[in-house]
Amino acid sequence: MAPLTFSVYSLTALLFQFLNSFGFIVLATVGLAIIFGMMGVINLAHGEFILIGVYGTALPYHAGAPLPLAMVGGVVAATLFGVVVERTIVRRFYDRLLDSMVATWGLALVVSQLLLIVFGSSLDSISTPMGNVDYGPFSSSVYRSIFLPAVALLVLVGLYAVFTRTEFGIKARATIEDPETARAMGIDTDRMYTSTFAIGSGLAGLTGALYAPALGSITPNRGSTFLVESFVAVVVGGPSVIVGTLSAAGILSVFNATGSFFFGTFIGQMLLLLVAIVALRALPDGITGYVDDWRQRRRAEE
Amino acid sequence: MTDRLDAGTVSVVGRLRSRLEGPNTIGNSTTFWVGFAVAVAALAAYPLATDPYTVIQSSRYLALSFLALSLCFIWGYAGVLSFGQVAFFGVAAYAFGVIGINLSSATGVVVATVGAVIAGTLSAALLGYFMFYGGVRDTYVTIMTLVVALVLNTFMAQTAGSEWAVGEAQLGGFNGMTGVPSLTLGLGESGLVLEGTGFYYALLFTLLATYLGLRVLLNSSFGMTMVAVREDEARTATFGYNVPFVKLVVFTIGGALAAVGGVFYASWGNYIDPSVFGIAFAALPVVWVSVGGRESLLGAIGATLAIERMRTGLSSGIGPIGSEWALVIVGGLLLGVILYLPAGAVPTLDGLADELRARRTERSQSTTAAEESPE
């Protein structure tokens with residue numbers, strides 16, 4: 001299985017593997033990173049938000065809706081769920097970050113088990129669209145290796161635009177930076193928190209929707225497939241949403257793709273863990289924390 | 001009620017009590033110790049009053065209590081929230097199996113017990129070093145510990161093939177490792193194999209000793225330092241304490257406690273599988289400790305016994321509620337407690353009792369003595 005001879009084909013395959021895992025890590029992380037970066041809350045139910053996106057896509061699809069429309073359903077379901085969760089639960093924990101993790105974990109257990117009770121142990125899989133591209137002895141899925149990484153990049157660009165170019169984004173950042181002053185300036189900070197959480201949830205839903213046709217069989221424990229990658233990427237990337245997610249996904253997917261390509265997916269995941277543990281020691285506040293430090297030092301020198 | 005023992009009592013008891021009591025533990029009155037003795041006696045008498053099957057089930061709850069103590073110790077007293085205590089629990093359980101299966105004699109099992117606890121402890125120390133000496137923020141510690149458990153889950157689940165064996169011991173992948181020896185005391189080929197009631201008493205004794213030992217530790221100067229780190233890390237560092245080192249020691253002790261539980265757990269069922277690293281099992285210690293009260297060792301143990309008993313009950317279904325609802329109830333319990341009772345059951349009750357006592361003394365001072373019943 002592991003082709004150790006280097007050729008154009010195997011290098012291409014490695015590149016596709018890289019793109020595949022880059023897209024996966026960015027999409028798995030981005031919803032979590034928004035909520036963590038902007039509000040400091042780690043949403044332990046992130047996997048279940050993604051799962052709601054998956055179910056919200058799969059159910060209409062199996063009922064006969066075309067796939068793109070079904071995907072919209074997944075995003076909407078996760079967003080609505082996010083708004084409800086923020087209003088009823090997360091809201092109470094903005095000054096107790098560790099407790100917010102405990103609470104969202106409780107939520108995660110309830111949601112995944114309820115999905116199991118309501119929809120049974122699995123839904124039929126959705127076949128992956130767009131087919132495969134063949135080259136030499138290899139074959140890669142166009143959807144996973146080209147379409148999804150492209151969407152991932154688009155999402156990051158879109159977020160950058162929203163948070164730097166729109167009034168909403170500037171208000172949201174002001175709320176995060178200094179909630180009291182923001183309130184004094186007439187910003188409805190409660191609404192900003194809700195909206196930010198909704199965007200994070202919606203992105204988790206989008207991830208679920210996009211991966212619904214790439215997961216194989218759809219089971220209620222699928223949420224945890226996204227957890228390891230997203231947590232590791234948030235730890236390695238640090239609190240800055242876009243730069244952090246992008247750089248962490250870039251670095252991690254090099255390790256993940258190389259490990260998976262030569263030794264199998266499981267070694268790829270072990271490598272992620274090792275990189276994350278070493279990163280904890282070397283970059284305690286992630287890559288973006290380090291970049292911030294470096295910038296400040298340079299400014300101090302000037 | 002008197003807080004001091006009678007003057008005639010030997011001072012040894014007094015000195016022992018002064019070691020066991022302090023501001024960091026709940027339950028510093030004579031009433032508490034009497035109640036505690038009654039509870040221990042009841043647990044000790046339990047096997048005489050019930051059938052062997054129930055004794056075996058109860059042993060499982062006691063083994064899991066170590067896991068609860070481990071999280072309670074690091075989260076409640078040093079503010080280090082770990083979602084991955086099950087990792088050290090599981091590492092010790094697997095290590096016990098691997099060593100025990102390969103050295104199949106009484107001495108071998110003793111070696112396996114010690115080796116497994118060391119393995120669990122060292123893995124906690126190693127992870128703790130990377131986290132605390134890097135100076136990462138609290139939330140990172142919480143998610144990294146969970147990631148470690150989840151990755152171990154993936155790792156152990158794929159060790160199905162015969163190439164995944166350590167000597168005689170097949171790791172067994174998703175199906176788990178069978179033939180883990182029972183806990184044995186003794187040297188040479190044969191010894192006292194602890195099974196059934198014997199195992200129960202060994203567990204009860206170890207748990208009691210661990211609980212009392214932790215109380216002594218928490219009320220010592222190290223315990224005070226732990227609480228200082230929990231309350232204000234920066235200030236503790238300013239006073240000259242090495243905060244990363246304190247946290248590392250705490251985390252390592254926590255790992256050791258979890259490892260002891262893991263050894264008992266693996267020898268309880270003579271079996272261990274990767275689900276101990278899974279996300280559902282990893283949530284349980286958090287549930288027990290949150291419900292019982294993160295600042296109460298006894299609360300954590302009590303909640304473990306109660307919730308696990310409830311889960312056993314639910315596994316056969318209660319009325320219209322089938323076994324599939326167990327996890328919903330456990331998750332909902334966690335959510336409800338953290339929302340409405342964030343300190344957990346025991347500290348809240350303790351606070352209520354204090355309040356009641358204060359109000360009562362107030363009243364007895366303000367009203368005539370005749371109205372009050374003598375105590």
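1. Chain B has 14 helices and six strands. Helices are DSSP runs of H or I with at least four residues, strands are runs of E with at least two, and both are numbered from the N terminus. This is a predicted model, in which local features need pLDDT of at least 70, side-chain atom pairs count only at pLDDT 80 or more, and totals for chains, interfaces and linings use all residues. Residues are numbered from 1 along each chain as its sequence is written, while chains are lettered from A and ligands numbered from 1 in the order in which they are written.

2. Take the overall size of chain B next. The C-alpha trace spans about 80 × 55 × 50 Å along the principal axes of chain B. Of the 375 residues of chain B, 43% are buried. Buried means that 20 or more other C-beta atoms lie within 10 Å of the residue's own; exposed means 12 or fewer, and partly exposed is in between, with C-beta atoms placed from the backbone.

3. Chain A has 12 helices and two strands. Their order from the N terminus is α-α-α-α-β-β-α-α-α-α-α-α-α-α. The radius of gyration of chain A is 20 Å, close to the 19 Å from the globule rule for 302 residues, so chain A is as compact as a globular protein of that length. Its C-alpha trace spans about 65 × 55 × 35 Å along the principal axes. Buried residues account for 50% of the 302 in chain A.

4. Two residues are in contact if their C-beta atoms, placed from the backbone, lie within 7 Å. Consider contacts between residues at least 6 apart in sequence: in chain A, 75% of them join residues at least 24 apart. For chain B, the share is 76%.

5. H6(B) itself is mostly covered, with 17 of its 20 residues buried. Its end C-alpha atoms are 29 Å apart, which agrees with the 28 Å that 20 residues should span at 1.5 Å a residue. The expected span is 1.5 Å times one less than the number of residues. In chain A, helix H8 (residues 189–211) reaches 33 Å from its first C-alpha to its last, close to the expected 33 Å. H8(A) is mostly covered too: 18 of its 23 residues are buried.

6. The largest nonpolar core holds 202 residues, and A:Val235, A:Ala276, B:Ala92 and B:Val147 touch the most other members. Such a core is a set of buried Ala, Val, Leu, Ile, Met, Phe, Trp, Tyr and Cys residues joined through C-beta atoms within 7 Å. Helix H1 (residues 8–39) of chain A gives the largest share of this core, 18 residues. Leaving out residues up to four places away in sequence, B:Val147 touches A:Val228, A:Phe231, A:Val232, A:Leu273 and A:Ala276.

7. A:Leu109 sits in helix H4 (residues 97–119) of chain A. Is A:Leu109 buried or exposed? A:Leu109 is buried, because 27 other C-beta atoms lie within 10 Å. Not counting residues up to four places away in sequence, A:Leu109 touches B:Ala283, B:Leu327, B:Val330 and B:Gly331.

8. B:Asn270 lies in the loop between H10 and strand E6 (271–272) of chain B. Its phi is near 50°, a positive value in a residue other than glycine. B:Asn270 is partly exposed, with 15 other C-beta atoms within 10 Å.

Conventions. The radius of gyration is taken over C-alpha atoms; the globule rule is 2.2 Å times the number of residues to the power 0.38.
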